[in-house]
Amino acid sequence: MKLIFAGTPEFATAALQSIYEGGFEIVGVITQTDKPQGRKGVLTPPPVKTLAERLGIPVFQPEKIRDEVEMIRALGAELMVTCAYGQILTQAVLDSFPKGVWNIHAGLLPKYRGASPIQSCILNGETVTGVSIMKTELGLDCGDILCVEETPIGENETYGELSDRLSKIGANLIIRALNMLQSGEYTLTKQDDEGVNVVRKINKDHAKIDFHKTVQEICNVVRGMNPAPVAFTLLDGNKVNVYRAERAVLNEEEQACFDGAKLGEVLSDRPKRGLLVKCADGAVKLTEVQAAGGKRISGGDFINGRKAKKGQVFEC
């Protein structure tokens, strides 16, 4: 069974490697164009391109895939697998594959359609997520489901950690899906229209910590933004990135301070107690932080370096 793989970021490389090792005939890999990276703007290939070239698979990087239908059909593939490719497919592209186009979606459908299923489930405090293999149709993540694998979300698991796990789950699940498609023995499940939810693309504006929120909500933001775009707050107008946070258990002295403190106020000067900050339903401990231009350090070291003092208030 000949297929084309379309994907771009690191997340998609595990699936490509798995399909290659599974013995399926990949006649081409389609990925986004090389992009400038870093401060110097060095033109850098997508991770999927780098892997495909190492595996000896022909790579195609159309500016707009909708303009390359003839090229796609000339490859003679029966189906296409997509994984975080990054371009919308037209009906002409979908019609180019007799056995369909199948997407590896890093979330449970229809609750987490859209651009940020991994981050959004963490931000929403979900305890379970998964990977869905879906038949691609016109419309946003609306196709029938071929197979799903669910997985629990760790209490302290970050976006980066969960993304790595889901990448591996998707890599295994797509082999199961391809075997089903090759045999013709499968059943599709329609998505429930009543449960549809489309999650937005996450950007830096969503990463600002609001100390009006609860401890759990703040911890979810910190987890959901790690490693990018990174949760942050402001202290005296200076940006402070926050990579890890947890609920704080206050001693009597800190509790006395808490009762009269403002939201966002630092509750202790003691480095061994860490960086404790008042929020809506208690205190959050910022356990790994980074001042602008500095290194990632513990909250206690942040206090010890006098970058924050008791009574100072982080911007809400």
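Buried, in what follows, means under 20% relative accessible area, exposed means over 50%, and partly exposed lies in between, with a 1.4 Å probe and protein chains only. This is a predicted model, in which local features need pLDDT of at least 70 and side-chain atom pairs count only at pLDDT 80 or more, while totals for chains, interfaces and linings use all residues. Residues are numbered from 1 along each chain as its sequence is written, and side-chain values use heavy atoms, with hydrogens and water left out.

I begin with helix 8, residues 252-259; helices (H or I, at least four residues) and strands (E, at least two) are DSSP runs, numbered from the N terminus. Its buried residues are Glu 254, Cys 257 and Phe 258. Seen down the axis of helix 8, they fall within an arc of 105° (taken from the directions from the axis to the C-beta atoms), so they line one face of the helix. On the other side, Glu 252, Ala 256 and Asp 259 are exposed. The cover over the buried residues includes strand 14 (275-279) and strand 15 (282-291), where contact means heavy atoms within 4.5 Å.

Next, the cores. A nonpolar core is a set of buried Ala, Val, Leu, Ile, Met, Phe, Trp, Tyr and Cys residues joined through side-chain atoms within 4.5 Å. The largest has 42 residues, and those with the most contacts inside it include Phe 5, Leu 16 and Ile 174. Helix 6 supplies its largest share, 10 residues. Apart from this core lies another, of 28 residues, among them Phe 211 and Val 266.
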